[in-house]
Amino acid sequence: MVTTLPEATVTLAAARLGAVDLALGNVLGSVMFNTFLLSHADPLFPGPLLAQVEGSHLFSVLVLLGMAGTVLTGLMY
């Protein structure tokens, strides 16, 4: 909640101002940064980190990883 609330506020403010590119960039940047943190937290965690994800959150994690993969693929071309 602590890291999501400021990002949600910026995204909503940008959408209200009509800056759709800024809102989408904020969401994608947040996803990319959180994925970056996950990749660096994985070696510090005892055991596989993604194995600890509950079934109710598995869809969210897969969507976020798919978004990150799409962005990285788009940056390569």
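User: Leaving aside neighbours within four places in sequence, which residues is Thr11 in contact with?
Analyst: This is a predicted model. Thr11 lies in helix α1. With neighbours within four places in sequence left aside, the residues in contact with Thr11 are Ala23, Asn26 and Val27.

User: Does Thr11 count as buried or exposed?
Analyst: The cut-off for buried is under 20% relative accessible area. Thr11 has a relative accessibility of 19%, so the class of Thr11 is buried.

User: What is the order of the elements from the N terminus on?
Analyst: The chain has three helices and zero strands. Read from the N terminus, the order is α-α-α.

User: How are α1 and α2 oriented to each other?
Analyst: Helix α1 covers residues 4-16 and helix α2 covers residues 20-41. Their axes are 8 Å apart and the packing angle is about 160°. Angles over 145 degrees count as roughly antiparallel. The orientation of α1 and α2 is therefore roughly antiparallel.

User: What is the handedness of the crossing of α1 and α2?
Analyst: Two packed helices are described by the angle between their axes and the distance between the axes. For α1 and α2 these are about 160° and 8 Å. The crossing of α1 and α2 is left-handed.

User: By class, which residues make up the contact of α1 with α2?
Analyst: From α1 come Glu7, Val10, Thr11, Ala14 and Ala15, which meet Leu22, Ala23, Asn26, Val27 and Ser30 in α2. By class, the residues in this contact of α1 with α2 are six nonpolar, three polar and one charged.

User: How are α2 and α3 oriented to each other?
Analyst: Helix α3 spans residues 55-76. The axes of α2 and α3 come within 9 Å and cross at roughly 105°. Angles of 65 to 115 degrees count as roughly perpendicular. The orientation of α2 and α3 is therefore roughly perpendicular.

User: By class, how many residues does the contact of α2 with α3 have?
Analyst: In α2, the residues Val27, Leu28, Val31, Met32 and Thr35 meet Leu64, Leu65, Met67, Ala68, Val71 and Leu72 in α3. By class, the contact of α2 with α3 has 10 nonpolar, one polar and no charged residues.

User: Which residues is Leu28 in contact with, leaving aside neighbours within four places in sequence?
Analyst: Leu28 is in helix α2 and counts as partly exposed at 33% relative accessibility. Leaving aside neighbours within four places, the residues in contact with Leu28 are Met67 and Val71.

User: How far apart in space are Gly29 and Ala19, C-alpha to C-alpha?
Analyst: Gly29 belongs to helix α2 and is partly exposed at 37% relative accessibility. Gly29 and Ala19 are 10 residues apart in sequence. In space, C-alpha to C-alpha, the distance is 15 Å.

User: What radius of gyration does the chain have?
Analyst: Along its principal axes, the C-alpha trace spans about 45 × 35 × 20 Å. Of the 77 residues, 10% count as buried. A compact globule of 77 residues would have a radius of gyration near 11 Å, whereas the chain has 14 Å.

Notes:
Residues numbered from 1 in each chain as written. Predicted model: local features only at pLDDT ≥ 70, side-chain atom pairs only at ≥ 80, totals over all residues. Heavy atoms only, no water. Axes fitted to C-alpha atoms, helices over the stretch in contact; angles between N-to-C directions. Helix = DSSP H or I, 4+ residues; strand = E, 2+ residues; numbered from the N terminus. Parallel < 35°, antiparallel > 145°, perpendicular 65-115°, else oblique. Left-handed = near helix turned anticlockwise from the far one by under 90°. Contact = heavy atoms within 4.5 Å. Nonpolar A, V, L, I, M, F, W, Y, C, P; charged D, E, K, R; others polar. Buried < 20%, exposed > 50% of the residue type's maximum accessible area, 1.4 Å probe, protein only. Rg over C-alpha atoms; globule rule 2.2 N^0.38 Å.
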